Amino acid sequence: MHYPLPPHQQKAFSGFSHLSFPITEKIHREVVSIPMSPMMEKEEVDRVISVLNAY
């Protein structure tokens, strides 16, 4: 995941941290973001593929 905490639990949104957003929290636990960019070197792409295959 890009962020260690769901958005509403991050410091920047502290006014919302006491609230519960079940769908956001579920998505945060289940979705994986992978690095991708046309600027990535072949070695970087290979590393991402390797990590995903090991998962």
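Start with His8: leaving aside its neighbours within four places in sequence, this histidine is in contact with Phe13, Phe16, Ser17, Leu19, Phe21, Thr24 and Glu25, where contact means heavy atoms within 4.5 Å. Is His8 buried or exposed? His8 counts as buried because its relative accessible area is 6%. The cut-offs here are under 20% for buried, over 50% for exposed, and partly exposed in between, using a 1.4 Å probe and protein chains only.

Before going on, keep in mind that this is a predicted model, in which local features need pLDDT of at least 70 and side-chain atom pairs count only at pLDDT 80 or more, while totals for chains, interfaces and linings use all residues. Residues are numbered from 1 along each chain as its sequence is written, and side-chain values use heavy atoms, with hydrogens and water left out.

Now for the overall layout. The protein has two helices and zero strands; helices (H or I, at least four residues) and strands (E, at least two) are DSSP runs, numbered from the N terminus. Helix H1 covers 22–30, and helix H2 covers 42–54. His8 lies in the segment before H1, and Ser17 is found in the segment before H1 too. Ser17 counts as partly exposed, because its relative accessibility is 39%.

How big is the radius of gyration? The protein has 15 Å, whereas a compact globule of 55 residues would come out near 10 Å. That radius is taken over C-alpha atoms, and the globule rule is 2.2 Å times the number of residues to the power 0.38. Along its principal axes, the C-alpha trace spans about 45 × 20 × 15 Å. Of the 55 residues, 11% count as buried. The accessible surface comes to about 5000 Å², and 64% of it belongs to carbon and sulfur atoms. Those areas come from the Shrake-Rupley method with a 1.4 Å probe; for residues, only the protein chains shown count as cover.

| C-alpha pair | Apart along the chain | Separation |
|---|---|---|
| Ser17 and Glu44 | 27 residues | 36 Å |
| Met36 and Gln9 | 27 residues | 26 Å |
| Ile34 and Leu52 | 18 residues | 8.8 Å |

Next, the charged pairs. Side chains of opposite charge can pair when their charged atoms come close. How many salt bridges does the structure hold? There are two, a salt bridge being a side-chain nitrogen of Lys or Arg within 4 Å of a carboxyl oxygen of Asp or Glu.

One of them joins the side chains of Lys26 and Glu30, at 2.9 Å from N to O. Lys26 and Glu30 are separated by about one helical turn, because they are four residues apart in helix H1. Lys26 is partly exposed at 40% relative accessibility, and Glu30 is exposed at 51%.

Asp46 and Lys42 form a salt bridge as well, with their closest N and O atoms 2.8 Å apart. Here the two residues sit four apart in helix H2, so about one helical turn separates them. Asp46 is partly exposed, with 35% relative accessibility, while Lys42 is exposed at 56%.

Which residues make the nonpolar surface patch? Val32, Ile34, Met36, Leu52 and Tyr55 do, and the patch is about 610 Å². Patches are made of residues with over 30% relative accessible area and no salt bridge: like charges are joined within 9 Å, nonpolar side chains (Val, Leu, Ile, Met, Phe, Trp, Tyr) within 5 Å.

Some of these residues are worth a visit. Ile34 is found in the loop between H1 and H2 and is partly exposed at 37% relative accessibility. Leaving aside its neighbours within four places in sequence, Ile34 is in contact with Val48 and Leu52. Met36 lies in the loop between H1 and H2, and counts as exposed because its relative accessible area is 69%. Tyr55 sits in the segment after helix H2 and is exposed, at 82% relative accessibility.
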